[in-house]
Amino acid sequence: METRVGVHSWFLSILTMVLNGFVIFLVCSKRHLRTKTNAFVVSLVVADFGVGMITVPSFFLCTLATECPQGSNEELIEAFLNLFTLYASGTNLVSLVLERYVAIVKPLKYLTFMKRRRVIRMVLTSWGIPFLFSLTLVSIKHGVIDRAWTIGGYLHLLFEAISVVILIFFLASMFFVVYNLNSRDRNLAKQLRFNQLFVRAKTHNTSAVKWVALVTCVFLSYYGIMMRCSLLDITDNSPCNDEYFKIPLRLINSGINPIAYAFFKRDIKREFKSLLCRRRR
């Protein structure tokens, strides 16, 4: 059973790195793809690439090969890197969804709000917060503080709950706005057809909401498991030993993002299709 899980985990790890690496290459190599939205996309993809690169190798090195004794420097580094890449993926997703929220819900304020400097600040913040948070957690759990697991569990739960609430709010707001706009256009199209004028109802930002919703739903399912572990840290004062199904889900969460971009994000989808057409020739 462990061998089968190990093979699946290594496969998902390599696939995650390949898919996210391809999106990094595609966006960085094409000048017209270097937009504000894609700056957040690349930042998220880099974090997901780190998840694929670190999660499985560190787990098998420290757990199966027993190369990381409890409290050793190797274990501290492994814990920090896993926490940092995991939470960096979450904060970068929050920044990406926030950018889409402004574009869809408040389009008239988008150009004044999403200036180049603000985009850079948001990306840097998306990396700075998980770095400091992971450093704090590792220091607490491996320090001499009493009830370190309980304190760490509360901090984990707080971070995860805030991320989940923000993402659900942004996603629900985007769905509400797109639904109202599409309903208005359908009613207008019916009225014009009644007046014997042909018109096709136009959908507003449906594609954008689809890929954001897909990425967010997979993320929320994984964070639900993380919140369960945080509650166990608080109630049982011990870690939850469920890596054998948590690690594959973490990799699926990081690997689904480039697939969502390839199928739903218009500019990346268009470039991906043109690249495939060139290869076939």
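Modeller: Helices (H or I, at least four residues) and strands (E, at least two) are DSSP runs, numbered from the N terminus. Residues are numbered from 1 along each chain as its sequence is written. The model is a predicted one, in which local features need pLDDT of at least 70 and side-chain atom pairs count only at pLDDT 80 or more, while totals for chains, interfaces and linings use all residues, and side-chain values use heavy atoms, with hydrogens and water left out.

The residue to begin with is S134, which is found in helix α5, made of residues 116–141. With a relative accessible area of 0%, S134 is buried, where buried means under 20% relative accessible area, exposed means over 50% and partly exposed lies in between, for a 1.4 Å probe and protein chains only. If its neighbours within four places in sequence are left aside, S134 is in contact with F80, L83, F84 and Y87, contact meaning heavy atoms within 4.5 Å.

Rings of Phe, Tyr and Trp (for Trp, its six-membered ring) pair if their centres lie within 6.5 Å, and planes under 30 degrees apart count as stacked, over 60 as edge-to-face and the rest as tilted. By this rule the count comes to 13 aromatic pairs. In one of them, F84 and F131 are edge-to-face, at 5.8 Å centre to centre and with 85° between the planes. This pair links distant parts of the chain, since F84 is in helix α3 and F131 in helix α5, 47 residues apart. F84 counts as buried at 16% relative accessibility, whereas F131, at 36%, is partly exposed. Another pair is formed by F169 and F170, whose ring centres are 5.7 Å apart and whose planes are at 55°, so this pair is tilted. F169 is partly exposed at 47% relative accessibility, while F170 is buried at 11%.

S95 is found in helix α3, which covers residues 73–105, and S95 counts as buried at 9% relative accessibility. Apart from neighbours within four places in sequence, S95 is in contact with F40, M122 and S126. The C-alpha atoms of S95 and T37 are separated by 9.9 Å, although these residues are 58 residues apart along the chain.

The UniProt record, an unreviewed entry, places the annotation "transmembrane region" on several spans, including residues 80–98 and 119–138; its positions are given in the numbering used here, feature names are shortened, and annotations may be inferred rather than shown by experiment. Over residues 80–98 the chain is 100% helix and 0% strand, with its end C-alpha atoms 26 Å apart.

Finally, a word on confidence, for which pLDDT is the predictor's own score for each residue, from 0 to 100. The mean pLDDT of the chain is 78, and 77% of its residues reach 70 or more. Confidence is highest in helix α5, at a mean of 90, and lowest in helix α9 (residues 266–280), at 74. Over residues 197–204 pLDDT stays under 50. Where pLDDT is low, the predicted coordinates should not be read in detail.
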